[in-house]
Amino acid sequence: MKSKVNKSVYGYLFISPFFIAYTVMGLVPILYTLYLSFTKWDGFTNPIYVGFANYERLLHDTFFYQTIGNTLIIWIFSIVPQLIIALLLALILNEKFIKGKHFFRAVFYFPHIITPITLGVMFALMFDWQTGSINMLLMKIGVIHDPIHWFNNPWWSRIIAASVICWQYFGFNLIVFIAGMQSIPTEVFEAAEVDGASKSQVAWRITLPLLRPVFLFTLITSVIGGLQLFDAPLMLGDGPGNSGRTMIMYLYETAFKSFDYSYGAAIAYGIFIIIMIFTAITAKATKMTKEA
Amino acid sequence: MGIKQIFVRGIIYLFLIAVAVTCLIPFYSMIITSTHTNTDIAQKLLFLPGDQLAENYKRLMGSVNIWRGFANSVFVAVVATALDLYTAALVGYGFSKFKFRFRNPLFAIVLATMMVPGQLGIIGFYKLMDTFHMLDTYWPMILTGMSNAFGVFMVKQFADESIPSELIESGRIDGYGEFQIFNRIILPLLGPAMATYAIFAFIGKWNDFLTPMIVLFDNNKQTLPVMIASLRSQFTADFGAQYVGIVISVVPILVFFSAMSKRIISGVAAGAVKG
């Protein structure tokens with residue numbers, strides 16, 4: 001047993017890189033950001049302690065509340081169609097008779113590996129009201145007569161941002177759902193077939209309930225990721241009356257464009273609290289449906 | 001097969017094809033548009049390639065060296081991924097095969113770090129990098145990869161299931177040191193898990209935008225996403241140049257993905273179900 005005790009030192013050695021790196025590159029910046037949120041700091045002079053002033057400002061900051069609303073709207077508009085499309089396609093691609101499964105999966109997944117910035121610029125160009133291909137297409141097929149000024153409308157701005165996200169992530173969710181479906185034991189389906197269940201009965205009564213853990217995973221990761229929307233919406237712009245501006249865009253602009261680092265730090269903690277609240281709500285909601 | 005069944009299958013295929021077209025047509029449209037003059041781009045709906053690619057490309061390269069950004073991105077992503085993989089392997093293996101006090105709570109801490117949003121510490125991170133004199137270098141992007149909880153989790157799961165402890169014992173009997181055992185015996189065996197995780201790590205690093213944008217100042221050092229973002233402001237009226245920039249950022253990925261899609265997709269599936 002002496003050797004076991006010796007080995008334990010090696011255990012700490014092996015796991016230490018994570019803890020050292022996380023402390024230096026993760027934890028210290030997080031705590032330092034917390035400290036900065038209690039100061040006034042413009043990036044050049046030394047930070048001056050100001051107590052809760054930044055947080056008081058944050059509580060009365062209508063811009064901040066607006067960005068929370070925008071982020072939630074964009075997130076909901078992207079997550080709902082995203083999950084429905086992904087689920088529908090996963091159910092279809094899980095059928096045996098479909099040919100070219102691999103091709104379809106690859107094509108559906110492709111947008112996910114393109115840099116969000118590129119997709120943001122692409123959609124901004126496509127929906128450009130004067131030169132974008134969407135307006136030209138709509139005019140050509142006679143749906144509209146005059147070009148629509150998409151980014152001049154708060155709802156279109158948000159819907160376009162949501163579409164980019166939906167378009168980028170449905171393929172990822174599709175792969176996750178298919179993988180989840182394939183891990184369901186085939187005996188379950190065989191038994192249902194023997195009992196004479198129809199395809200839709202199998203989907204509703206067997207596949208979907210058994211996918212519950214996968215849904216939980218998808219929802220939680222999507223809350224955390226969705227509330228941090230940044231790259232693609234940044235390329236699409238703020239929209240009229242800041243209707244397209246997300247929380248992280250506000251953080252970035254405050255800190256790194258207006259050089260109000262300390263207020264940016266307070267915004268970062270505000271966002272953190274909001275993400276925690278929504279993660280908790282999601283976790284609770286998914287648990288509740290499980291018990292019901 | 002009845003008529004009804006043929007009809008249903010026809011609808012299903014139509015749906016699949018419609019979604020596939022929706023996925024690909026924006027890329028097709030970008031490539032086509034990049035080969036036309038600005039006047040044509042502004043006035044016409046374009047379906048066929050033109051002959052202005054070289055001209056648009058010339059104007060783009062006149063002020064933004066996008067290939068340089070591409071090379072910078074490749075360099076940063078490859079180095080960061082390599083370091084990330086090695087540390088994830090070390091740490092995951094450490095958690096999987098060594099018995100030590102507080103192992104479970106320490107592992108819980110690793111997993112808990114996944115729940116902390118990435119941007120929370122970004123301002124302190126900027127200040128810290130300033131203190132370390134690492135601003136305008138690639139170090140911040142490379143070093144952050146060393147604490148990726150997801151990689152640790154994947155390696156641990158894999159090592160728990162498929163690395164027999166007898167192998168490690170036999171290595172010890174042969175007189176190998178612990179790190180020799182890791183480098184010579186364990187690391188090659190972790191191959192499949194590493195390949196899967198490498199895809200995630202690489203895509204994550206390739207797509208990182210916020211970190212390079214705030215820590216790099218020299219335009220020649222910038223990574224591809226930041227250069228693409230700068231196209232918007234630098235070529236406000238020059239759509240041809242913007243489209244060429246997009247095409248350059250997409251086509252190499254398209255080629256790479258066509259060759260590797262099977263591997264990438266099965267990797268994502270494996271990673272997602274384990275996560």
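**Where chain A meets chain B**

Let's start with one residue, I12(B): setting aside its neighbours within four places in sequence, I12(B) is in contact with I92(A), F97(A) and I98(A). Keep in mind as you look around that this is a predicted model. I12(B) sits in helix α1 of chain B. For a sense of scale, pick out V244(B) as well: I12(B) and V244(B) are 232 residues apart in sequence, and their C-alpha atoms are 36 Å apart in space.

Now zoom out to the whole contact between the two chains. Chain A brings 86 residues to it and chain B brings 92 residues. How much area is buried between chain A and chain B? The figure is about 8,200 Å², with carbon and sulfur atoms giving 82% of it.

What about the polar side of things? Across the interface of chain A and chain B, the rule finds 0 salt bridges. Polar contacts do turn up there, with 9 residue pairs found, both partners at pLDDT 80 or more. Which element gives the largest share of the side of chain A that touches chain B? That would be helix α1 of chain A, residues 2–36, with 21 residues. Sort the residues on this side of chain A by type and you get 67 nonpolar, 13 polar and 6 charged.

One to look at is R59(B) with D238(B), where the closest N and O atoms are 2.6 Å apart. This pair links distant parts of the chain, the two residues being 179 residues apart. R59(B) belongs to helix α3 of chain B (residues 53–63), while D238(B) is in the loop between α13 (224–234) and α14 (239–274) of chain B.

Finally, turn to the outside. A nonpolar patch on the surface is formed by L137(A), I141(A) and V143(A) together with I17(B), V21(B), I25(B), Y28(B), F47(B) and L48(B). Together these residues have about 890 Å² of accessible area. Helix α1 of chain B (residues 3–33) gives the largest share of the patch, 4 residues. V21(B), one of the patch residues, is found in this helix, and I12(B), where we began, lies in helix α1 of chain B too.

How values were computed. Residues are numbered from 1 along each chain as its sequence is written. Chains are lettered from A and ligands numbered from 1 in the order in which they are written. This is a predicted model: local features need pLDDT of at least 70, side-chain atom pairs count only at pLDDT 80 or more; totals for chains, interfaces and linings use all residues. Side-chain values use heavy atoms; hydrogens and water are left out. Contact means heavy atoms within 4.5 Å. Buried area is the accessible area (1.4 Å probe) that two parts lose on being put together, summed over both. A salt bridge is a side-chain nitrogen of Lys or Arg within 4 Å of a carboxyl oxygen of Asp or Glu. A polar contact is a pair of N or O atoms within 3.5 Å; within protein, one must be able to donate a hydrogen and the other to accept it, and residues adjacent in sequence count only if both atoms are side-chain atoms. Ala, Val, Leu, Ile, Met, Phe, Trp, Tyr, Cys and Pro count as nonpolar, Asp, Glu, Lys and Arg as charged, and the others, Gly among them, as polar. Patches are made of residues with over 30% relative accessible area and no salt bridge: like charges are joined within 9 Å, nonpolar side chains (Val, Leu, Ile, Met, Phe, Trp, Tyr) within 5 Å. Accessible areas come from the Shrake-Rupley method with a 1.4 Å probe; for residues, only the protein chains shown count as cover.
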